[in-house]
Amino acid sequence: MTSTLALLGGEPAVTAPGPHFQWPPIDDTTRAKVAAQLETAISIPGRSGIVADLEDGLQEYFGVRHAITTSSGTAALHTTYWAAGVRPGDEVIVPAWTFHATASPLFSLRAVPVLCETRPDGNIDPTRIEELITPRTRAIMATHLWGRPADMAEVVKVANTHDLVVLEDGSHAHGASIAGQKTGTFGLASAFSLNGPKPLSGGEGGFVLTDEDETYYRTVAFAHYNKRARNEIPDGHPLARYAATGAGLKLRIHPLAAALARDQLDRLDGYLAGRTEIARYLTRHLSGVRGLRLALMPDGVVPSWYGLTVTYKPDELGGLPIETFHRALIAEGATEFDRPGSTRPMNLLPLYQQPGPLFPGHPHSHRPYQAGDFPIAEHVHAHTIKLPVWHREQDLELAEQYIRAAVKISDHHEELL
Ligand SMILES: Cc1ncc(COP(=O)(O)O)c(C=O)c1O
């Protein structure tokens, strides 16, 4: 290759005009459905209309008895913990590396997030769970980071041995599966985000899945006071008398978001099939690039490809810092290459190091976290570059240009040292 690096004044490898990745895909059918919703209802207090349509669709897609929409993934997680019976002082084991909202709602419940080391793929390491279990442990929460399923067989095994509840944060992993079983269906309940870039997007929104009636009633009581609680919690149930107020929160999805998500749900499997093809292509070509490593998926593991992660190996490139390699990618026009920012090991976040000022007297205060507590999660996070995965055949040309950018920098890395 004779080209000079764009960071040093050469021609960029990526010539396609931006933006290179927009999500969710919106066409005229989507526009018409959302516009029709504007004319139908823009506030739906009960389980009816587009909210019922979406929840029915989610139940069918995931093969679960109950899907309950919420205003966000964060709200879905908050609801899931409460619905699963997490009480003040309870401990919940969560992966050290995830988006913080996987665990942060626990603070509001005065429960304690206990961080667990991850595997190099970023998911909770089931072999490190047992050492964290105490008489106060109530549940284990697994995230499927970047859409790659966690090792749920092992998580469930540890949980069953210790009589713990299994919960999942499926916010990156709509439609992902392990041996044919969809993520979000391995435990008592799961929470998903429908936020902007998520594999299934409503712009904003979220949902809770569960097969268990009691958890369903508690979900409704927590997230949907008044009409839904009155209609859906059976007379005579101990929560029925609280229906008017629920637990005091209203966490309802917007009908326009529900209309967008409902439209997208029908397309989800098509998106995933397209992403799988392009992820395969990217993996094949980027794996051969000096300084970069890509993980192979075990048999039977189907990710959602929310993100394709590349592990950077500076020692193969003369110690070139990842920051410089990343800046060089951006200069080449490969602007979708990203380093995970907000999704970082939570021991690095002030809320987890020192929750006291925000939650005075919180029981977490006796267990402050600090940098260095989770060497594997922190190392992998610091060496990760990620890419969103396109789903259309015509995007292969763009993928090819991104590969060319990475190859060019790797081949010419000495010029950056
Ligand atoms: C893993 C994970 N959990 C939870 C959330 C929170 O979802 P929301 O933004 O819909 O509140 C996100 C959002 O980015 C996420 O990535």
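A residue counts as buried here when its relative accessible area is under 20%, and as exposed when that area is over 50%. The model is a predicted one.

First, the overall picture. The protein has 13 helices and 13 strands. For 417 residues, a compact globule would have a radius of gyration near 22 Å, and the protein has 22 Å, so the two agree. Along the principal axes, the C-alpha atoms fill a box of roughly 75 × 55 × 40 Å. Of the 417 residues, 55% are buried. If you take the contacts with a separation of 6 or more, 71% of them are between residues 24 or more positions apart.

Now to threonine 79. It sits in helix H3, residues 73-83. Is threonine 79 buried or exposed? Its relative accessible area is 0%, which is under the 20% limit, so threonine 79 is buried. Leaving out residues up to four places away in sequence, threonine 79 touches Thr70, Val208, Thr219, Phe222, Ala223 and Leu251. Alanine 191 is 112 residues from threonine 79 in sequence, yet their C-alpha atoms are 8.5 Å apart in space.

Serine 201 also has a relative accessible area of 0% and is buried, but its place is in a loop, the one between strand S8 (189-193) and strand S9 (206-210). What is serine 201 in contact with, leaving aside its neighbours within four places in sequence? The contacts are Trp23, Pro24, Leu194, Asn195, Gly196, Leu260, Ala261 and Gln264. Serine 201 and alanine 258 are 57 residues apart in sequence, and from C-alpha to C-alpha they are 9.3 Å apart.

Next, strand S2, residues 91-95. Five of its five residues are buried, so S2 is largely enclosed by the rest of the structure. In a regular strand, side chains alternate between the two faces of the sheet. In S2, Glu91, Ile93 and Pro95 are on one side, Val92 and Val94 are on the other, and both faces are covered.

S2 has parallel pairing with two strands that I want to point out. With strand S3, residues 112-116, there are five bridges, and proline 95 has cysteine 116 as its bridge partner in S3. With strand S4, residues 137-143, there are three bridges, and valine 92 has alanine 139 as its bridge partner in S4.

There is also an open sheet of three strands, in the order S7-S6-S11, with antiparallel pairing. Strand S7 (181-182) and strand S11 (301-302) are at the edges, each with a single partner strand, so one side of each has no neighbour in the sheet. S6, residues 177-178, is joined to S11 by two bridges. In one of these strands, S11, valine 302 is the bridge partner of serine 177.

Which residues of H10 are buried? They are Ile322, Thr324, Phe325, His326, Ala328 and Leu329. The buried residues of H10 pack against strand S10 (292-293), strand S12 (308-312), helix H12 (375-382), strand S13 (384-387) and helix H13 (396-411). After H10 comes glycine 333, whose phi is positive, near 90°.

Threonine 324 of H10 has a relative accessible area of 13%. That is under the 20% limit, so threonine 324 still counts as buried. Not counting residues up to four places away in sequence, threonine 324 touches Leu7 and Leu416.

Two of the strands that H10 packs against, S12 and S13, pair with each other in the antiparallel sense over four bridges. Threonine 311 stands opposite threonine 384 in S13. Both faces of S13 are covered: Thr384 and Lys386 are buried on one side, and Ile385 and Leu387 are buried on the other.

Technical notes:
Residues are numbered from 1 along each chain as its sequence is written. This is a predicted model: local features need pLDDT of at least 70, side-chain atom pairs count only at pLDDT 80 or more; totals for chains, interfaces and linings use all residues. Side-chain values use heavy atoms; hydrogens and water are left out. The radius of gyration is taken over C-alpha atoms; the globule rule is 2.2 Å times the number of residues to the power 0.38. Buried means under 20% relative accessible area, exposed over 50%, partly exposed in between (1.4 Å probe, protein chains only). Contact means heavy atoms within 4.5 Å. Two strands pair if DSSP finds at least two bridges between them.
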